Amino acid sequence: MEYILLKDVEQYLNQEVTLKGWIFNYRSSGGIYFLQFRDGTGLVQGVVVKNSVSPKVWEDCQKITLETSLTLTGKIKSEKRSPYGYEIEIKDLKLIQIAEEYPIGKKEHGPEFLMDQRHLWLRSSKQWAIQKVRNTIINATYEYFNQQGFTKIDAPILTPTACEGTTTLFEVDYFGKEKAYLSQSGQLYIEAAIFSHNRVFDFGPTFRAEKSKTRRHLTEFWMMDAEMAFAEHEENMKVQEDLIYHILQRVLEKNIEDLQILERDISFLEKIDKPFNRLTYKEAIKKLGELGSKIKLGEDLGAADETLLTKQYDRPIFVEKYPAQMKAFYMKHDPEDQDLALCDDLLAPEGYGEIIGGSQREDDYEILLKRMQDHKLPMKDFGWYLDLRKYGSVPHSGFGYGLERIVAWTCGLKHVRETIPFPRMLTRLRP
Ligand code: 4AD
Ligand code: MG
(Lines give C-alpha, C1' and ligand atoms only; values in the text may rest on other atoms or scores of the structure.)
(Ligands and ions follow the chains in the order given, each with its own letter.)
Protein backbone atom coordinates (compact mmCIF):
# COMPACT_ATOMS: atom_id res chain seq x y z
CA MET A 1 0.00 0.00 0.00
CA GLU A 2 1.23 3.45 -0.71
CA TYR A 3 -0.36 4.56 2.58
CA ILE A 4 -0.32 3.15 6.10
CA LEU A 5 -3.05 2.38 8.61
CA LEU A 6 -2.99 4.14 11.98
CA LYS A 7 -3.15 0.82 13.83
CA ASP A 8 0.44 0.25 12.58
CA VAL A 9 1.67 3.76 13.37
CA GLU A 10 4.27 2.62 15.94
CA GLN A 11 6.30 0.93 13.23
CA TYR A 12 6.72 4.22 11.38
CA LEU A 13 8.09 6.46 14.11
CA ASN A 14 10.17 9.34 12.66
CA GLN A 15 9.36 8.26 9.12
CA GLU A 16 7.37 10.05 6.49
CA VAL A 17 4.06 8.30 5.78
CA THR A 18 0.80 8.86 3.95
CA LEU A 19 -2.57 8.38 5.67
CA LYS A 20 -6.09 8.31 4.26
CA GLY A 21 -9.12 9.14 6.36
CA TRP A 22 -11.44 11.76 7.82
CA ILE A 23 -11.34 14.86 10.01
CA PHE A 24 -13.24 14.48 13.28
CA ASN A 25 -12.19 17.78 14.82
CA TYR A 26 -9.97 20.73 13.99
CA ARG A 27 -8.90 24.12 15.26
CA SER A 28 -6.47 26.77 14.16
CA SER A 29 -4.36 29.19 16.06
CA GLY A 30 -2.45 31.84 14.12
CA GLY A 31 -0.19 30.07 11.66
CA ILE A 32 -1.00 26.54 12.89
CA TYR A 33 -3.78 24.07 12.13
CA PHE A 34 -4.50 21.14 14.43
CA LEU A 35 -6.34 18.38 12.61
CA GLN A 36 -7.87 15.47 14.54
CA PHE A 37 -7.74 12.65 12.07
CA ARG A 38 -9.15 9.11 12.03
CA ASP A 39 -8.85 6.36 9.47
CA GLY A 40 -11.11 3.72 11.04
CA THR A 41 -8.16 1.90 12.64
CA GLY A 42 -6.90 4.65 14.93
CA LEU A 43 -6.72 8.34 15.73
CA VAL A 44 -3.92 10.88 15.46
CA GLN A 45 -3.44 14.63 15.65
CA GLY A 46 -1.94 16.28 12.59
CA VAL A 47 -0.18 19.62 12.82
CA VAL A 48 0.10 21.98 9.85
CA VAL A 49 2.52 24.90 10.22
CA LYS A 50 1.88 27.65 7.67
CA ASN A 51 5.55 28.33 7.04
CA SER A 52 6.41 24.66 6.40
CA VAL A 53 3.79 23.89 3.74
CA SER A 54 2.98 25.19 0.28
CA PRO A 55 0.48 28.05 -0.08
CA LYS A 56 -1.94 25.57 -1.73
CA VAL A 57 -1.86 23.23 1.30
CA TRP A 58 -2.46 26.18 3.64
CA GLU A 59 -5.34 27.34 1.46
CA ASP A 60 -6.89 23.84 1.51
CA CYS A 61 -6.66 23.78 5.31
CA GLN A 62 -9.11 26.71 5.40
CA LYS A 63 -11.64 24.57 3.49
CA ILE A 64 -11.59 21.66 5.92
CA THR A 65 -14.87 20.82 7.67
CA LEU A 66 -15.90 18.04 10.05
CA GLU A 67 -15.84 14.67 8.24
CA THR A 68 -13.95 15.99 5.22
CA SER A 69 -12.09 13.07 3.62
CA LEU A 70 -8.44 13.57 2.75
CA THR A 71 -4.95 12.20 2.29
CA LEU A 72 -2.20 13.39 4.63
CA THR A 73 1.57 13.08 4.22
CA GLY A 74 4.03 13.86 6.96
CA LYS A 75 6.41 12.63 9.59
CA ILE A 76 5.19 10.55 12.55
CA LYS A 77 6.49 11.84 15.90
CA SER A 78 5.98 10.39 19.33
CA GLU A 79 4.06 12.98 21.42
CA LYS A 80 3.49 12.29 25.10
CA ARG A 81 1.07 15.21 25.52
CA SER A 82 -1.26 13.83 22.86
CA PRO A 83 -3.95 11.41 24.01
CA TYR A 84 -3.08 9.23 21.00
CA GLY A 85 0.66 9.13 21.82
CA TYR A 86 1.65 10.31 18.32
CA GLU A 87 1.47 13.35 16.14
CA ILE A 88 2.00 13.82 12.44
CA GLU A 89 3.89 16.87 11.15
CA ILE A 90 1.97 17.46 7.98
CA LYS A 91 3.93 18.30 4.82
CA ASP A 92 1.21 17.77 2.28
CA LEU A 93 -2.50 17.11 2.16
CA LYS A 94 -5.04 16.39 -0.57
CA LEU A 95 -8.74 16.93 0.01
CA ILE A 96 -10.86 14.09 -1.35
CA GLN A 97 -14.30 15.51 -0.55
CA ILE A 98 -15.14 18.59 1.46
CA ALA A 99 -17.97 17.48 3.72
CA GLU A 100 -21.17 19.51 3.99
CA GLU A 101 -22.16 20.83 7.41
CA TYR A 102 -22.22 17.71 9.58
CA PRO A 103 -25.50 17.18 11.45
CA ILE A 104 -23.90 15.56 14.49
CA GLY A 105 -22.13 18.25 16.45
CA LYS A 106 -20.49 18.69 19.76
CA LYS A 107 -23.72 19.45 21.58
CA GLU A 108 -25.84 16.76 23.24
CA HIS A 109 -28.31 15.09 20.90
CA GLY A 110 -31.31 12.99 21.96
CA PRO A 111 -31.36 9.25 21.19
CA GLU A 112 -34.10 9.55 18.56
CA PHE A 113 -32.13 12.15 16.60
CA LEU A 114 -28.99 10.05 16.80
CA MET A 115 -30.89 6.94 15.72
CA ASP A 116 -32.27 8.86 12.72
CA GLN A 117 -28.66 9.71 11.90
CA ARG A 118 -27.47 6.17 12.58
CA HIS A 119 -25.69 5.97 9.19
CA LEU A 120 -23.49 8.86 10.33
CA TRP A 121 -23.53 8.24 14.09
CA LEU A 122 -21.67 4.95 13.51
CA ARG A 123 -18.51 7.05 12.96
CA SER A 124 -18.46 8.62 16.41
CA SER A 125 -15.87 7.28 18.80
CA LYS A 126 -18.23 5.46 21.17
CA GLN A 127 -20.13 3.80 18.36
CA TRP A 128 -16.81 2.86 16.78
CA ALA A 129 -15.63 1.29 20.05
CA ILE A 130 -18.88 -0.70 20.46
CA GLN A 131 -18.58 -2.28 17.02
CA LYS A 132 -14.99 -3.24 17.76
CA VAL A 133 -16.06 -5.03 20.95
CA ARG A 134 -18.85 -6.73 18.99
CA ASN A 135 -16.29 -7.87 16.44
CA THR A 136 -14.10 -9.37 19.16
CA ILE A 137 -17.07 -11.23 20.64
CA ILE A 138 -17.99 -12.69 17.23
CA ASN A 139 -14.42 -13.80 16.57
CA ALA A 140 -13.94 -15.17 20.09
CA THR A 141 -17.09 -17.25 19.60
CA TYR A 142 -15.80 -18.78 16.38
CA GLU A 143 -12.39 -19.30 17.97
CA TYR A 144 -13.86 -21.10 20.99
CA PHE A 145 -16.01 -23.44 18.92
CA ASN A 146 -13.17 -24.19 16.50
CA GLN A 147 -10.91 -25.07 19.42
CA GLN A 148 -13.59 -27.36 20.82
CA GLY A 149 -14.15 -29.20 17.53
CA PHE A 150 -17.59 -27.82 16.67
CA THR A 151 -18.66 -27.51 13.03
CA LYS A 152 -20.46 -24.37 11.88
CA ILE A 153 -23.80 -25.27 10.34
CA ASP A 154 -25.95 -22.64 8.66
CA ALA A 155 -29.62 -22.85 9.63
CA PRO A 156 -32.27 -21.49 7.25
CA ILE A 157 -33.89 -18.11 7.82
CA LEU A 158 -37.13 -18.75 5.93
CA THR A 159 -38.98 -21.46 7.82
CA PRO A 160 -42.47 -22.96 7.82
CA THR A 161 -42.45 -23.36 11.62
CA ALA A 162 -41.99 -21.54 14.91
CA CYS A 163 -39.06 -22.52 17.11
CA GLU A 164 -39.87 -20.47 20.21
CA GLY A 165 -43.67 -20.22 19.94
CA THR A 166 -46.00 -18.39 17.59
CA THR A 167 -46.49 -15.07 19.38
CA THR A 168 -43.47 -13.30 17.94
CA LEU A 169 -43.31 -14.61 14.36
CA PHE A 170 -42.72 -12.38 11.35
CA GLU A 171 -44.78 -13.63 8.45
CA VAL A 172 -43.64 -13.65 4.83
CA ASP A 173 -45.80 -14.44 1.83
CA TYR A 174 -44.24 -17.45 0.10
CA PHE A 175 -45.17 -17.12 -3.58
CA GLY A 176 -48.84 -16.68 -2.75
CA LYS A 177 -48.98 -20.39 -1.91
CA GLU A 178 -48.31 -20.46 1.80
CA LYS A 179 -46.91 -18.53 4.71
CA ALA A 180 -43.27 -18.65 5.67
CA TYR A 181 -41.78 -17.17 8.82
CA LEU A 182 -38.45 -15.50 9.59
CA SER A 183 -36.43 -17.73 11.91
CA GLN A 184 -36.58 -17.12 15.67
CA SER A 185 -33.64 -19.49 16.30
CA GLY A 186 -31.77 -22.07 14.22
CA GLN A 187 -31.94 -24.59 17.03
CA LEU A 188 -34.31 -27.19 15.58
CA TYR A 189 -32.32 -27.36 12.35
CA ILE A 190 -28.92 -27.65 13.95
CA GLU A 191 -30.29 -30.46 16.12
CA ALA A 192 -30.57 -32.42 12.86
CA ALA A 193 -26.88 -31.70 12.17
CA ILE A 194 -25.56 -33.25 15.41
CA PHE A 195 -26.35 -36.68 13.95
CA SER A 196 -23.96 -35.84 11.16
CA HIS A 197 -21.30 -33.75 12.99
CA ASN A 198 -21.76 -34.40 16.73
CA ARG A 199 -21.05 -30.82 17.90
CA VAL A 200 -22.29 -27.90 15.87
CA PHE A 201 -23.16 -24.21 16.06
CA ASP A 202 -24.85 -21.62 13.93
CA PHE A 203 -24.60 -17.85 13.96
CA GLY A 204 -26.99 -15.59 12.18
CA PRO A 205 -29.76 -13.04 12.28
CA THR A 206 -32.98 -14.08 14.01
CA PHE A 207 -36.29 -12.29 14.11
CA ARG A 208 -38.95 -11.73 16.71
CA ALA A 209 -41.95 -9.50 16.40
CA GLU A 210 -41.47 -8.19 19.94
CA LYS A 211 -44.32 -5.77 20.54
CA SER A 212 -42.85 -4.36 23.72
CA LYS A 213 -40.44 -1.45 23.94
CA THR A 214 -37.70 -2.57 26.29
CA ARG A 215 -33.99 -1.97 26.69
CA ARG A 216 -33.29 -5.60 25.83
CA HIS A 217 -35.41 -6.43 22.83
CA LEU A 218 -34.74 -5.98 19.16
CA THR A 219 -36.93 -7.37 16.39
CA GLU A 220 -33.83 -8.46 14.45
CA PHE A 221 -30.87 -9.70 16.45
CA TRP A 222 -27.95 -12.07 16.06
CA MET A 223 -28.10 -15.41 17.77
CA MET A 224 -25.51 -18.12 18.14
CA ASP A 225 -27.03 -21.56 18.74
CA ALA A 226 -24.86 -24.51 19.80
CA GLU A 227 -25.95 -28.14 19.94
CA MET A 228 -24.07 -31.18 21.26
CA ALA A 229 -24.75 -34.89 20.84
CA PHE A 230 -24.39 -36.93 24.06
CA ALA A 231 -24.17 -33.80 26.24
CA GLU A 232 -26.59 -33.58 29.13
CA HIS A 233 -27.79 -30.67 31.25
CA GLU A 234 -24.63 -30.29 33.40
CA GLU A 235 -22.24 -30.38 30.46
CA ASN A 236 -24.44 -27.93 28.60
CA MET A 237 -23.99 -25.36 31.37
CA LYS A 238 -20.26 -26.04 31.53
CA VAL A 239 -19.85 -25.21 27.83
CA GLN A 240 -21.88 -22.00 28.28
CA GLU A 241 -19.67 -20.98 31.18
CA ASP A 242 -16.45 -21.71 29.25
CA LEU A 243 -17.66 -19.86 26.16
CA ILE A 244 -18.67 -16.72 28.04
CA TYR A 245 -15.46 -16.76 30.06
CA HIS A 246 -13.41 -17.13 26.87
CA ILE A 247 -15.26 -14.21 25.26
CA LEU A 248 -14.60 -12.01 28.31
CA GLN A 249 -10.88 -12.82 28.29
CA ARG A 250 -10.62 -11.90 24.63
CA VAL A 251 -12.48 -8.62 25.14
CA LEU A 252 -10.20 -7.74 28.07
CA GLU A 253 -7.19 -8.58 25.90
CA LYS A 254 -8.19 -6.76 22.74
CA ASN A 255 -10.57 -3.95 23.69
CA ILE A 256 -9.24 -2.15 26.77
CA GLU A 257 -8.91 1.14 24.84
CA ASP A 258 -12.41 0.73 23.44
CA LEU A 259 -13.84 0.07 26.90
CA GLN A 260 -12.05 3.22 28.08
CA ILE A 261 -13.69 5.25 25.30
CA LEU A 262 -17.01 3.83 26.55
CA GLU A 263 -16.09 4.74 30.15
CA ARG A 264 -16.79 1.14 31.11
CA ASP A 265 -15.65 0.24 34.63
CA ILE A 266 -13.66 -2.83 33.61
CA SER A 267 -13.05 -3.94 37.19
CA PHE A 268 -16.52 -5.54 36.97
CA LEU A 269 -15.38 -7.65 34.03
CA GLU A 270 -11.90 -8.36 35.37
CA LYS A 271 -13.13 -9.93 38.59
CA ILE A 272 -15.37 -12.45 36.85
CA ASP A 273 -14.13 -15.96 37.38
CA LYS A 274 -15.39 -19.51 37.06
CA PRO A 275 -17.48 -21.16 38.36
CA PHE A 276 -20.44 -18.88 37.70
CA ASN A 277 -23.20 -18.68 40.31
CA ARG A 278 -26.04 -21.17 40.24
CA LEU A 279 -29.62 -21.00 41.47
CA THR A 280 -32.58 -23.20 40.72
CA TYR A 281 -35.71 -21.42 39.55
CA LYS A 282 -37.25 -22.08 42.98
CA GLU A 283 -34.25 -20.60 44.77
CA ALA A 284 -34.36 -17.59 42.46
CA ILE A 285 -38.04 -16.96 43.27
CA LYS A 286 -37.32 -17.22 47.00
CA LYS A 287 -34.37 -14.88 46.73
CA LEU A 288 -36.42 -12.39 44.69
CA GLY A 289 -39.11 -12.47 47.37
CA GLU A 290 -36.51 -11.59 49.98
CA LEU A 291 -35.33 -8.74 47.78
CA GLY A 292 -38.84 -7.29 47.64
CA SER A 293 -40.16 -8.62 44.31
CA LYS A 294 -43.83 -9.67 44.12
CA ILE A 295 -43.02 -12.61 41.83
CA LYS A 296 -44.70 -15.94 42.74
CA LEU A 297 -43.79 -19.54 42.01
CA GLY A 298 -45.03 -20.43 38.54
CA GLU A 299 -44.35 -16.97 37.10
CA ASP A 300 -41.55 -16.19 34.66
CA LEU A 301 -38.81 -13.77 35.68
CA GLY A 302 -39.57 -10.38 34.17
CA ALA A 303 -36.93 -7.86 33.15
CA ALA A 304 -37.29 -6.06 36.49
CA ASP A 305 -36.75 -9.32 38.41
CA GLU A 306 -33.67 -10.16 36.35
CA THR A 307 -32.26 -6.72 37.09
CA LEU A 308 -32.98 -7.01 40.80
CA LEU A 309 -31.49 -10.49 41.03
CA THR A 310 -28.37 -9.93 38.94
CA LYS A 311 -27.45 -6.72 40.81
CA GLN A 312 -26.71 -9.01 43.78
CA TYR A 313 -23.91 -10.84 42.01
CA ASP A 314 -20.52 -10.05 40.55
CA ARG A 315 -20.43 -13.05 38.19
CA PRO A 316 -22.96 -14.44 35.73
CA ILE A 317 -25.75 -16.48 37.28
CA PHE A 318 -27.33 -19.69 35.99
CA VAL A 319 -31.00 -20.04 36.80
CA GLU A 320 -31.89 -23.65 36.07
CA LYS A 321 -34.87 -26.00 36.12
CA TYR A 322 -37.81 -23.73 35.38
CA PRO A 323 -41.35 -25.12 35.50
CA ALA A 324 -41.68 -27.07 32.24
CA GLN A 325 -45.08 -25.58 31.41
CA MET A 326 -43.58 -22.11 30.92
CA LYS A 327 -40.85 -23.37 28.59
CA ALA A 328 -40.62 -24.60 24.99
CA PHE A 329 -42.03 -27.98 23.89
CA TYR A 330 -38.66 -29.51 23.02
CA MET A 331 -37.12 -29.38 26.50
CA LYS A 332 -36.47 -32.62 28.38
CA HIS A 333 -38.11 -32.83 31.78
CA ASP A 334 -36.16 -33.45 34.95
CA PRO A 335 -36.35 -37.20 35.78
CA GLU A 336 -36.35 -36.21 39.47
CA ASP A 337 -39.32 -33.86 39.06
CA GLN A 338 -41.32 -34.15 35.86
CA ASP A 339 -42.79 -30.67 36.38
CA LEU A 340 -39.39 -29.10 35.80
CA ALA A 341 -37.44 -28.68 32.57
CA LEU A 342 -33.73 -29.52 32.34
CA CYS A 343 -33.04 -25.98 31.19
CA ASP A 344 -31.05 -22.93 32.16
CA ASP A 345 -30.97 -19.22 31.54
CA LEU A 346 -27.60 -17.55 32.00
CA LEU A 347 -28.00 -14.04 33.43
CA ALA A 348 -25.28 -11.41 33.17
CA PRO A 349 -24.48 -9.56 36.43
CA GLU A 350 -24.83 -5.82 37.23
CA GLY A 351 -28.51 -5.88 36.33
CA TYR A 352 -28.03 -6.98 32.71
CA GLY A 353 -30.06 -10.18 32.82
CA GLU A 354 -30.54 -13.02 30.34
CA ILE A 355 -27.84 -13.54 27.73
CA ILE A 356 -28.29 -17.30 27.10
CA GLY A 357 -31.18 -19.73 27.05
CA GLY A 358 -30.46 -23.45 26.86
CA SER A 359 -31.72 -26.93 27.68
CA GLN A 360 -31.34 -30.63 27.31
CA ARG A 361 -33.67 -31.73 24.51
CA GLU A 362 -36.36 -34.40 24.69
CA ASP A 363 -34.84 -37.38 22.85
CA ASP A 364 -37.58 -39.97 23.32
CA TYR A 365 -39.91 -40.44 20.33
CA GLU A 366 -43.09 -41.24 22.24
CA ILE A 367 -42.69 -38.47 24.82
CA LEU A 368 -41.92 -35.86 22.16
CA LEU A 369 -44.84 -37.04 20.01
CA LYS A 370 -47.21 -36.62 22.97
CA ARG A 371 -45.73 -33.20 23.76
CA MET A 372 -46.19 -32.05 20.16
CA GLN A 373 -49.77 -33.27 20.16
CA ASP A 374 -50.46 -31.43 23.41
CA HIS A 375 -49.02 -28.26 21.86
CA LYS A 376 -51.05 -28.90 18.68
CA LEU A 377 -47.94 -28.64 16.49
CA PRO A 378 -48.70 -29.58 12.86
CA MET A 379 -46.90 -32.78 11.77
CA LYS A 380 -46.63 -31.40 8.23
CA ASP A 381 -44.13 -28.83 9.56
CA PHE A 382 -42.61 -30.55 12.60
CA GLY A 383 -42.65 -34.20 11.46
CA TRP A 384 -39.01 -34.03 10.37
CA TYR A 385 -38.00 -32.86 13.85
CA LEU A 386 -39.77 -35.81 15.46
CA ASP A 387 -38.15 -38.09 12.86
CA LEU A 388 -34.74 -37.32 14.40
CA ARG A 389 -35.86 -39.38 17.42
CA LYS A 390 -36.40 -42.45 15.22
CA TYR A 391 -32.94 -42.89 13.71
CA GLY A 392 -30.23 -43.20 16.32
CA SER A 393 -31.66 -40.79 18.89
CA VAL A 394 -29.19 -39.74 21.60
CA PRO A 395 -29.30 -37.51 24.67
CA HIS A 396 -28.36 -34.04 23.52
CA SER A 397 -28.35 -30.44 24.69
CA GLY A 398 -27.76 -26.98 23.39
CA PHE A 399 -28.16 -23.29 23.97
CA GLY A 400 -28.42 -19.97 22.22
CA TYR A 401 -26.89 -16.61 23.06
CA GLY A 402 -28.06 -13.15 22.06
CA LEU A 403 -25.05 -11.27 20.68
CA GLU A 404 -26.46 -7.80 21.35
CA ARG A 405 -27.16 -8.62 25.02
CA ILE A 406 -23.53 -9.71 25.48
CA VAL A 407 -22.24 -6.58 23.74
CA ALA A 408 -24.47 -4.37 25.91
CA TRP A 409 -23.19 -6.02 29.07
CA THR A 410 -19.48 -6.00 28.20
CA CYS A 411 -19.65 -2.41 26.96
CA GLY A 412 -21.77 -1.30 29.92
CA LEU A 413 -24.61 0.06 27.74
CA LYS A 414 -28.10 0.65 29.08
CA HIS A 415 -29.87 -0.19 25.82
CA VAL A 416 -29.23 -2.85 23.16
CA ARG A 417 -30.05 -0.43 20.32
CA GLU A 418 -26.45 0.82 20.17
CA THR A 419 -24.94 -2.66 19.98
CA ILE A 420 -26.04 -3.44 16.41
CA PRO A 421 -25.15 -1.26 13.40
CA PHE A 422 -28.74 -0.71 12.24
CA PRO A 423 -31.21 -1.62 14.99
CA ARG A 424 -34.68 -2.89 14.17
CA MET A 425 -37.26 -2.26 16.89
CA LEU A 426 -41.01 -1.93 17.30
CA THR A 427 -40.83 1.73 16.32
CA ARG A 428 -37.80 1.72 14.06
CA LEU A 429 -37.15 0.26 10.61
CA ARG A 430 -34.99 3.13 9.27
CA PRO A 431 -32.28 3.93 8.32
O1 4AD B 1 -33.93 -17.72 25.22
P2 4AD B 1 -34.18 -17.79 23.75
O3 4AD B 1 -35.56 -17.47 23.28
O4 4AD B 1 -33.77 -19.27 23.31
C5 4AD B 1 -33.90 -19.81 22.08
O6 4AD B 1 -34.29 -19.25 21.09
C7 4AD B 1 -33.37 -21.22 21.98
N8 4AD B 1 -33.95 -21.85 20.79
C9 4AD B 1 -31.88 -21.18 21.92
C10 4AD B 1 -31.25 -22.53 21.91
O11 4AD B 1 -31.44 -23.29 22.84
N12 4AD B 1 -30.51 -22.85 20.86
O13 4AD B 1 -33.17 -16.85 22.98
C14 4AD B 1 -31.78 -17.01 23.16
C15 4AD B 1 -31.14 -15.70 23.51
C16 4AD B 1 -31.68 -15.05 24.80
O17 4AD B 1 -31.06 -15.57 25.93
C18 4AD B 1 -31.30 -13.59 24.57
O19 4AD B 1 -29.95 -13.37 24.90
C20 4AD B 1 -31.46 -13.45 23.07
O21 4AD B 1 -31.41 -14.74 22.50
N22 4AD B 1 -32.73 -12.80 22.70
C23 4AD B 1 -32.85 -11.54 22.26
N24 4AD B 1 -31.94 -10.57 22.07
C25 4AD B 1 -32.37 -9.37 21.61
N26 4AD B 1 -33.65 -9.11 21.31
C27 4AD B 1 -34.61 -10.06 21.47
N28 4AD B 1 -35.86 -9.79 21.14
C29 4AD B 1 -34.22 -11.33 21.99
N30 4AD B 1 -34.87 -12.48 22.27
C31 4AD B 1 -33.95 -13.36 22.70
MG1 MG C 1 -34.95 -17.18 26.93
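This is a predicted model: local features need pLDDT of at least 70, side-chain atom pairs count only at pLDDT 80 or more; totals for chains, interfaces and linings use all residues.
Student: Why is cysteine 61 called buried?

Tutor: Buried means under 20% relative accessible area. Cysteine 61 has a relative accessible area of 0%, so the label applies.

Student: What makes cysteine 343 buried?

Tutor: Its relative accessibility is 1%. The cut-off is under 20%, so cysteine 343 counts as buried.

Student: How many disulfides does the rule give?

Tutor: The count comes to zero.

Student: Why is tyrosine 86 called buried?

Tutor: Its relative accessible area is 17%. That value is under 20%, so tyrosine 86 is buried.

Student: Where is tyrosine 86 found, and in which strand?

Tutor: Tyrosine 86 is in strand β5, which covers residues 86-97. Leaving aside neighbours within four places in sequence, tyrosine 86 is in contact with several residues, including Val9, Glu10, Leu13, Val44 and Ile76.

Student: What separates tyrosine 86 from glutamate 10 in sequence and in space?

Tutor: In sequence they are 76 residues apart. In space, C-alpha to C-alpha, they are 8.5 Å apart. Glu10 is also among the contacts of tyrosine 86, and contact means heavy atoms within 4.5 Å.

Student: What makes threonine 136 count as buried?

Tutor: Threonine 136 has 8% relative accessibility. The limit is under 20%, so threonine 136 counts as buried. The residue sits in helix α4, residues 125-147.

Student: Which residues does threonine 136 touch, not counting residues up to four places away in sequence?

Tutor: They are Arg250, Val251, Lys254 and Asn255.

Student: Now the ligand. What makes the pair between arginine 361 and ligand 1 a polar contact?

Tutor: The limit is a pair of N or O atoms within 3.5 Å. A polar side-chain atom of arginine 361 lies 2.9 Å from an oxygen atom of ligand 1, so the pair qualifies. The protein covers 94% of the 620 Å² of accessible area that ligand 1 has on its own.

Student: How do you know that the backbone pairs of arginine 216 and glycine 357 qualify?

Tutor: A polar backbone atom of arginine 216 is 3.4 Å from a nitrogen atom of ligand 1. A polar backbone atom of glycine 357 is 3.4 Å from an oxygen atom of ligand 1. The limit is within 3.5 Å, so both pairs are polar contacts.

Student: Which residues come nearest to ligand 1?

Tutor: Of 22 residues around ligand 1, the nearest are Glu164, Gln187, Arg208, Asp225 and Glu354. The shell divides into eight nonpolar, six polar and eight charged residues.

Student: Which strand gives the most to that shell?

Tutor: β17 does, with four residues. Strands β11 (220-229), β17 (353-360) and β18 (396-402) each supply at least two.

Student: And the whole chain: how many helices and strands are there?

Tutor: The chain has 13 helices and 18 strands. Of its 431 residues, 52% are buried. Among contacts with a separation of 6 or more, 67% join residues 24 or more positions apart.

Note on methods:
Residues are numbered from 1 along each chain as its sequence is written. Chains are lettered from A and ligands numbered from 1 in the order in which they are written. Side-chain values use heavy atoms; hydrogens and water are left out. A residue is near a molecule or strand if one of its heavy atoms lies within 4 Å of it. A polar contact is a pair of N or O atoms within 3.5 Å; within protein, one must be able to donate a hydrogen and the other to accept it, and residues adjacent in sequence count only if both atoms are side-chain atoms. Accessible areas come from the Shrake-Rupley method with a 1.4 Å probe; for residues, only the protein chains shown count as cover. Ala, Val, Leu, Ile, Met, Phe, Trp, Tyr, Cys and Pro count as nonpolar, Asp, Glu, Lys and Arg as charged, and the others, Gly among them, as polar. A disulfide is a pair of cysteine sulfur atoms within 2.5 Å. Buried means under 20% relative accessible area, exposed over 50%, partly exposed in between (1.4 Å probe, protein chains only).
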